Amino acid sequence: MLAFAGVSCNSDDPSDASTKHVYAEGEAPYLRTNAAATTALEMDFQMVKIDQPQYIYLKDYAPIFHKNLNMTVDEAIAAIENGTAVFANIKTSRQCWDLTPATYGESGWYYTQNGLGTADNSVFTMTFDKENKLIEVKTVGVPAVGTMSDLDFGIALKKDAAFDDYVRFTVHAKVTDPSKVVMSANVPGEGYGVYEIKLKDYAESFMLAMGLTMDEVIKGLEEETIDVYLCDADGNRVLNEDGSHPDYTSGWLGYWLDPEGKITGWSGDGYPANMMFLEYGGSGIYKLGNAATPTPAGTQTTVKFDFVSVDDPTSFLQFIIAVTFD
C-alpha cells in the first residue's frame with residue numbers, strides 16, 4: 001500500500017506550507033489545516049476488557065469522505081488500491097504526513113506512548129482493514145493502567161504528491177480501571193495559572209471505587225475525612241519514613257512539587273524550585289497550578305494522586321494525569 005520508504009518532512013519551517021510546492025515521490029508533505037476533515041476520538045481500554053479491540057467504521061463517516069474527498073468510502077478505498085490515494089500516519093508535532101511503511105502486518109502500525117514504534121516497545125496497534133472498511137485499534141499485551149498514546153492518521157489524495165485533500169482521524173487511546181481516572185490537563189502558562197478538575201465529572205468513578213455519592217465526596221474533602229496522597233511513578237502512595245501521611249505543603253489538601261514530581265515547599269522564585277502545585281479549591285474543584293515563575297511551555301509530566309477514605313485506606317480513587325504546561 002505504501003511503496004515508498006518513510007522520510008522526514010521536507011522543511012523545518014511550517015510556514016513553507018503556505019506556498020504551493022510540487023512534492024517529489026517520497027517526500028512527506030505538510031498537513032494542510034482543515035478542521036472539517038478531522039475527527040477526534042477517545043478510546044478507553046478498560047483493564048477488565050483489555051483484549052477487546054475497538055473499531056472505527058468508515059461508513060459512519062461517509063459525509064466527511066464526500067465533503068473532503070468528493071468520494072464515497074468505497075471510492076476512497078479503491079483510490080488507495082490504485083495508488084491515487086494513500087493511507088498514512090501524521091506527525092502531529094511537526095504537522096506533516098509520515099510515510100513510514102506499515103510495521104504491523106500489511107496495513108498497520110505499532111505505537112509507543114510517544115508515537116510510532118516497533119513490536120518490542122509498543123503499547124497499541126492500529127490496522128486498516130480495507131475489506132471490512134474499518135480501522136482496528138487494540139492494545140499490545142497488557143499495558144499498565146494510565147498508559148496513553150495519540151494515534152494520528154488519515155486517507156489523502158495524491159495530487160502531484162501533495163496531500164491537500166484528506167480525511168483525518170486523531171485517536172487518544174488510554175488504558176483505564178474503575179479505581180483510576182486517566183485524563184489529560186493543560187496548565188496555563190502564567191504565574192499560578194490553574195487547571196480545574198471538576199470532580200462531579202467523575203461521580204460514577206467515585207461511586208464505583210469508594211461507594212460515595214458526589215455530595216459525600218465533597219463533604220468528605222471539606223471535613224477532611226478524605227485525604228489526598230501523592231503517588232510515585234508506580235502508583236504507590238508517598239509516605240513518611242514511619243508510614244504516616246506527609247504534611248500538605250500547598251493550600252488545602254495539596255502539595256507543591258519540584259521538577260522531579262517530588263513533594264517540596266513553596267518558593268516565590270517559582271521554577272525550577274517549584275514545578276506545580278496540587279490543592280483542593282472547595283465546592284468539588286481540585287486544582288493543578290503553575291509555579292510563581294511559570295514552568296517552561298511544552299514541559300510534560302504525569303501526576304498521580306489518590307483520594308483516600310481516612311477511615312478505610314483501602315477505599316480510594318486514583319487520578320493519573322498527563323500534564324502539559326502551555
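Residues are called buried under 20% relative accessible area, exposed over 50%, and partly exposed in between, for a 1.4 Å probe and protein chains only. The model on display is predicted, so local features need pLDDT of at least 70 and side-chain atom pairs count only at pLDDT 80 or more, while totals for chains, interfaces and linings use all residues. Residues are numbered from 1 along each chain as its sequence is written, and side-chain values use heavy atoms, with hydrogens and water left out.

**First stop: the aromatic pairs**

Select Tyr55, which is partly exposed at a relative accessible area of 35%. Rings of Phe, Tyr and Trp (its six-membered ring) pair if their centres lie within 6.5 Å; planes under 30 degrees apart count as stacked, over 60 as edge-to-face and the rest as tilted. The ring centres of Tyr55 and Tyr57 are 5.9 Å apart and the planes make 40°, so this pair is tilted.

Next, select Phe206 and Phe307. Their ring centres are separated by 5.8 Å and their planes stand at 55°, so this pair is tilted. Phe206 belongs to helix H3 (residues 203-210) and Phe307 to strand E18 (residues 300-309), so that distant parts of the chain, 101 residues apart, are linked by the pair. Helices (H or I, at least four residues) and strands (E, at least two) are DSSP runs, numbered from the N terminus. Phe206 is buried, with a relative accessible area of 1%, and Phe307 is buried at 1% as well.

Then display Tyr61, Phe87, Trp109, Phe128, Phe153 and Phe169, which ring pairs join into a cluster. Over the whole structure, 22 aromatic pairs are found.

**Second stop: Arg237**

Select Arg237 together with Tyr229 and Phe316. A charge sits over a ring if NZ of Lys or CZ of Arg is within 6 Å of the ring centre and within 35 degrees of the ring normal. Arg237 lies over the face of Tyr229, 5.4 Å from the ring centre; its charged end also sits over the ring of Phe316, at 4.8 Å from the centre.

Two strands pair if DSSP finds at least two bridges between them. E13 and E18 run antiparallel and are joined by six bridges; to view one of them, select Ile226 and its partner in E18, Ser309.
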